[in-house]
Amino acid sequence: MYRYDQIDRELLAQRTEQFRDQTRRFLAGELSEDDFRQLRLRNGLYQQRHAPMLRISVPYGLLESAQLRRMAHVVRQYDKGYGHFTTRQNIQLNWPQLPEVPDLLAELAEVQLHSIQACGNDTRNITADYLAGVADDEIVDPRPYCELLRQFVALHPEFYWLPRKFKFGFTGAKVDRAATRTNDAAVHVLRRDGAIGYRFFVGGGLGRQPLLGQEMNAFVPESDLLLYACAILRTFNRFGRRDNIHKARIKIVLREWGIERFRAAIEAEYAKIGSSAEGEQLRLLPEDIERMRSYFSAPHYRPAPEAAADVDALTARDPRFAAWVRRNVRAHKVPGYRIVFVSLKAPGQAPGDCTAEQFETLAGLCDAYSFGELRSTYDQNLVLADVAERDLYELWVKLDAARLATPNIGLTTDMIACPGLDFCGLANAGTLGVTQDIYRRFDSLDAQYEIGPIRITMSGCMNGCGHHSVGHIGILGVDKHGEEWYQVTLGGSPGNDAAIGERVGRSLARNEIADGIERLIRAYLELRSDDDETFIECYRRIGMAPLKARLYETDDSEAAAA
Amino acid sequence: MSRIIRQHAIVENDWTLAVDGTTQPRASGKLIVPLARWRAEGEELVAGAAAIGVLLPNTEDAEAIYPEIADRPLIALQFPVFADGRALTQAVLLRNRLGFTGELRAVGDVVRDLVFWLGRCGFDAIVPRPDQDLEACRSALDEIRVAYQPAADAHEPVWARRRSRATG
């Protein structure tokens, strides 16, 4: 884990005081609502329905126990006793009071947490593969590069007032677990002929016009991470549209220019930077990367024979433990260790919510069983990345007692959802009630195992925080004359096979949507070629029509009855 | 005469910004004119004034235009609203890539909370919005005194600072 030095601490302390003064001036009436808005957004504060929402950055999804304990404290002290993990691996608080936020941020700064550029038209928190460093399909651990880039873009004066938000997503593995191509820029760290470099994609983004990033450069050398990032951000700052907020993302520049012109502009800027004094400053030396890599070295794993345990024997004894191992535990690249997923999708729980008690429990558990670290995932769950097999049963007992062991990772009830109309000022429709309705229909584990891997995602408005566009089944809340309605999309995917889902047809009313989703899933079970064909594979084979017919089949019965 | 911030000090503004296109230069005066007028009347303007600066719209390509304005003692860059950061890239390019050493002046919706970022991007003259407190603007230049990345000021990149620290 990256450790702040004196420079990092001073910068964050001064930043915290800067915002304290801005807040003081706003509350004293010296700063207008409009002027303050731009400032508070860049400190993670978003105006929501009931109160400001504070988004706390979790750089590339990595947390440690001291941070979790501090989170437990701040959600008790400043909020209503819980936080919410997002698809960008961040944590959001829904109920802070503005006058107290500077103190809250100062408390977070003590454990190197912050809200710098968590909202606003700037470079946002960088996301990454939540299995970085432990995945067996990993080529290069992306975290050192994420931290180098985090520092480059934090308070970058030239790129602090961009046309619109700008998101980076990283992976260094063969399997894309970070939905990288939904970001404005995706960085795939890889090797070519033994040398490390980056494959850059640009122009992804969800929201109103969901698009996937296009390849800009197949191999930027390792030393040039910041040069290429600078070329992209500078091109965006110069040419991104500022006349229409809905057309201001970099994806619109790409679409309006076409990829050839767009790529030529970025490559030309990259070449200019590279041949100038600026390039000399931005180019990383091997020692810079080596120094950063040392923060992310592997923990001191115990030798396998000592760590090993007979997991199979335990699973045979306890079917609930067996179910959890089957769904929430994955192979680790080190013998004797496993990767443990912590589900934040218990029955009745809003997806991604975490209570103060759970933060505290998790702090203790990661100290005891996973070298003091925890990761947040794209799917709004958590990961204990380095658990010895012999600890699995004990860990499960404790997770289970804290309602953190629902064995549903990757299954029907592991839904992604934004907070929706219950909290968000932008939302057109509720999400939490619908997810609970769907949850209840598929609560039985047997049913979920029969359905197999499926990704149901839901957003309360077209801004798409719940990533409905890349769900196998996506649900988008819309407002129709003051009522909540829901559009369904099919066939989206955030991974290596990334695709934007296609809208099926008319939207369904609040009291129809869960039934509709159930009919879709039942149709899939009838139509799949065999038990191994997943929902998304089945959709790709049979197309939309048969599923569409089932989604709207009540229309026919009503028509027939009429 | 209004007051502005130049080189960390509050000073009298000795330049007149002639956005209307008709203000005539005076032999003793320093006048800032929009790029279009500079292109149309450059020679006459220079002949008739003590000094002529150019106001570059933030939609223009600073690199392409620079040969036309490289010898000006002052380039003014625009902030139509303070959150429109295009002029920050223009400033960095003028200072770092093009080597402009004259006065780089920020005009428009320039508020105290933009000042820190202006300073880092190479602006050495700042004309705050009329409702802004000048002293507060001046002190905002040093609001944050450490930086991670290079820009158009004296800060070393943090990775380079850590290199020297490790060896020394």
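Reader: Which residue in β15(A) does R338(A) stand opposite?
Author: R338(A) stands opposite V387(A) in β15(A), where strands are DSSP runs of E of at least two residues, helices are runs of H or I of at least four, and both are numbered from the N terminus. This is a predicted model, in which local features need pLDDT of at least 70 and side-chain atom pairs count only at pLDDT 80 or more, while totals for chains, interfaces and linings use all residues. Residues are numbered from 1 along each chain as its sequence is written, and chains are lettered from A and ligands numbered from 1 in the order in which they are written.

Reader: How many bridges join β12 to β15 of chain A?
Author: Five bridges link β12 (residues 337–342) with β15 (residues 382–388) in chain A, and the two run antiparallel; strands pair if DSSP finds at least two bridges between them.

Reader: And what is the strand order in the open sheet?
Author: The five strands of chain A are ordered β3-β14-β15-β12-β11, with antiparallel pairing, and the edge strands, β3 (62–64) and β11 (329–331), each pair on one side only.

Reader: Which helix lies across β11, β12 and β15 of chain A?
Author: Helix α15 (residues 392–401) of chain A does, running at about 10 degrees to β12(A), with axes fitted to C-alpha atoms, for helices over the stretch in contact, and angles taken from 0 to 180 degrees between N-to-C directions.

Reader: Changing topic, how many residues of chain A are in contact with chain B?
Author: 34 residues of chain A are in contact with 28 of chain B, contact meaning that C-beta atoms, placed from the backbone, lie within 7 Å.

Reader: Which helix gives the most to that side of chain A?
Author: α1(A) does, with seven residues.

Technical notes: Two residues are in contact if their C-beta atoms, placed from the backbone, lie within 7 Å.
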